[in-house]
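Q: Hi, could you walk me through this structure? I'm new to it.
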Amino acid sequence: MTEQNRQVEDLHLQNLTKKFGEHTAVDTLNLTIPAGSFFALLGASGCGKTTTLRMVAGLEDPTEGTISIGDRDITGTRAFERPVNTVFQSYALFPHLDIFENVAFGLRRRKVKDVKPQVERMLELVELGSMARRKPTQLSGGQQQRVAVARALINQPDVLLLDEPLGALDLKLRRQMQIELKRIQTEVGTTFVHVTHDQEEAMTMADTVAVMNSGRIEQLGHPADIYELPRTVFVANFLGQSNLFQGHKTGVSGEDYVVSAHAQNFAVPSARTFTDGDSIIVGVRPEKMTVLDASDAGGIPEHHNRVAGRVTDVSYMGVSTQYLVMTSWDQELTVFEQNVVVGDRSAVGDEVVIHWSPRHTFGLNGAAGTSVGVDPDVLELEAVNQALAADVVEG
Amino acid sequence: MAAVIPQAAATKPSSVAARKSRTGYLLLFPGIAWLGVFFAIPLVTLFATSLQTPIEGKTGKYQPGFAVGNYADAIAQYWPQFLRSFLYAGTATLLALAIAYPLAYFIAFRAGKWRSLMLVLVVAPSFASFLLRTYAWKTILADDGVITSTLNNLHLLPDGRILNTWIAVVAGLTYNFLPFMILPLYAALEKIDPRFIEAASDLYASPVTAFRKITWPLSLPGVVAGTLLTFIPAAGDYINASLLGSPKNRMIGNAIQNNFIEFRDYPMASALSFILMAIILVLVFTYIRRAGTEDLV
């Protein structure tokens, strides 16, 4: 253990591909994960994020491509030879060993002498000092989770892999552990690669997020950058929510494209448009929009984008209010408004105008369709709602 | 309605609990009755018989007594058979473990869709009678059989034969009790989450170390159950020794059988049975106690 001289190095994945028979789980992935960063691989189940993680851990052999840490190619080495440790989804704590021996396992395998002080220090770090002689089954879920982190971290890996580490915890505990894990990462400075399907978790914890879909990375960057400016429909829908309208480019006005959708013109900054084609999807995040009563529409700044509609639902959520507004072309838009002013909210049935600044508008490739990346359950629910609404109209 | 239901439920528990415990005893009754009639009573009778004394002038007739000396006679006369029984049964148990562990491991972790079929194949020989299968081993190990002649050509057999030697007896015991080793081992191995092995390899354990530190300790309950289920019946067995061995390879089961059926020395046979039981009990308790701690790891 040369703690002082230890230099953390970048993790490089080059053309990394994994095929299971005909199915390509990970498709020519090229990625550099900077040393010391907290990196999140975010995606729905089956997107290849866990397979990627398992290849880095050495538990799965890549079909093609290389994995290296700094200049060292570790592709051909086996799991137990890699300077990489994993926090498993179900923790996989050894049930016949106590907490102390679980944490000491890696050190003992590497014939480290006098493991006691190190194990005790690590148990202090995860605040489990008093639990050393308990068996894993005697611990709560959150405690087991921390043992799993301690068992991996004590080996001072070049990269720590976390496979949905908080998935088994309830919401409140998950929040606590998110902060806890971030604190530990800052304290030890190891590169953390965190696989999750929870976009909120990825955004709160990671300093870089890679959104994965069908074995490829859709977009990579700082959470705020990805959220504010999604480059694909998948990212716009998967990371948070978006209102998207299918349209086509009809002209240019200064810095903006003029996009016509549903017989209306929208201004989309050309710098925020990620397609060269004329078919453009206009997108905007729900909290960037403002709802105004139709009679007050005169006060909307001239250059703002606007859509008229009727309020179909108002949900008061404490911090904000969520409005659902039905447009003239039967699309339900979602608007979040912060509850800064008490009272004076629009009510169901009100005719309203929604408006937002072009600065908050983004343009996406129109060929993709607007529903990629939406949770399938949500789509199904929307279909049911629409069918119900149709029944009501007919009745 | 909502207010009525909790009240009704509140008055019930005592009577429900009473009925539940009565049901429990009723369910236990057939088992207890069976054990009483076919285990407890015979055991007492057997113990009484072991202390009987002979009636003068009448062979095969005995009267109640308190002849503790029967036990001393039994040990003095038959200690070689006792020793042999435990040696043969012990060797057969170790052999069975060595054969069964890899097989059970394969079925549990590698067999995939063939798993059920392989388990059926493990049990399949039991569909033929125990006696018949042991007779078959007479043919397999016969002096002019393939195995014996091959080994003889290689000059590997000191006595020039297998049948009627201790090797044949141990082989027969190993074969006959193998399923009792495989099944508990399989049950224990199958329960081991493969992620433990992955976690071990992630924590710098080579495959051999991962086996030694994770798989083996986690399979110990199966090892203990399998060795007991093999050792106990093998130690009391007499068919293998009488069909496959020579008179020099007789085990304690043969001695008990001879005393009961041929010499009609019932006190001696009963004393031998009791000593066998006592020794096995002591061995098993020592073994389980050791296996319960981490001494065996």
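Q: Which residue is the bridge partner of Val252(A) in β12(A)?
A: The bridge partner of Val252(A) there is Tyr257(A). Strands here are DSSP runs of E with at least two residues, helices are runs of H or I with at least four, and both are numbered from the N terminus.

Q: What should I know about the model and its numbering?
A: This is a predicted model, where local features need pLDDT of at least 70 and side-chain atom pairs count only at pLDDT 80 or more, while totals for chains, interfaces and linings use all residues. Residues are numbered from 1 along each chain as its sequence is written, with chains lettered from A and ligands numbered from 1 in the order in which they are written.

Q: Back to the strands: how many bridges join β11 to β12 of chain A?
A: Five bridges join β11 (residues 243–253) to β12 (residues 256–261) of chain A, and the two run antiparallel. Strands count as paired if DSSP finds at least two bridges between them.

Q: And what's the strand order in the open sheet?
A: In chain A the order is β13-β12-β11-β14-β20, with antiparallel pairing. β13 (264–269) and β20 (362–365) of chain A are at the edges with a single partner strand each, so one side of each has no neighbour in the sheet.

Q: New topic: which domains does chain A have?
A: The assignment gives domain 1 (11–225) and domain 2 (241–394); such bounds come from an automatic or database domain assignment. The C-alpha centres of domain 1 and domain 2 of chain A are 39 Å apart.
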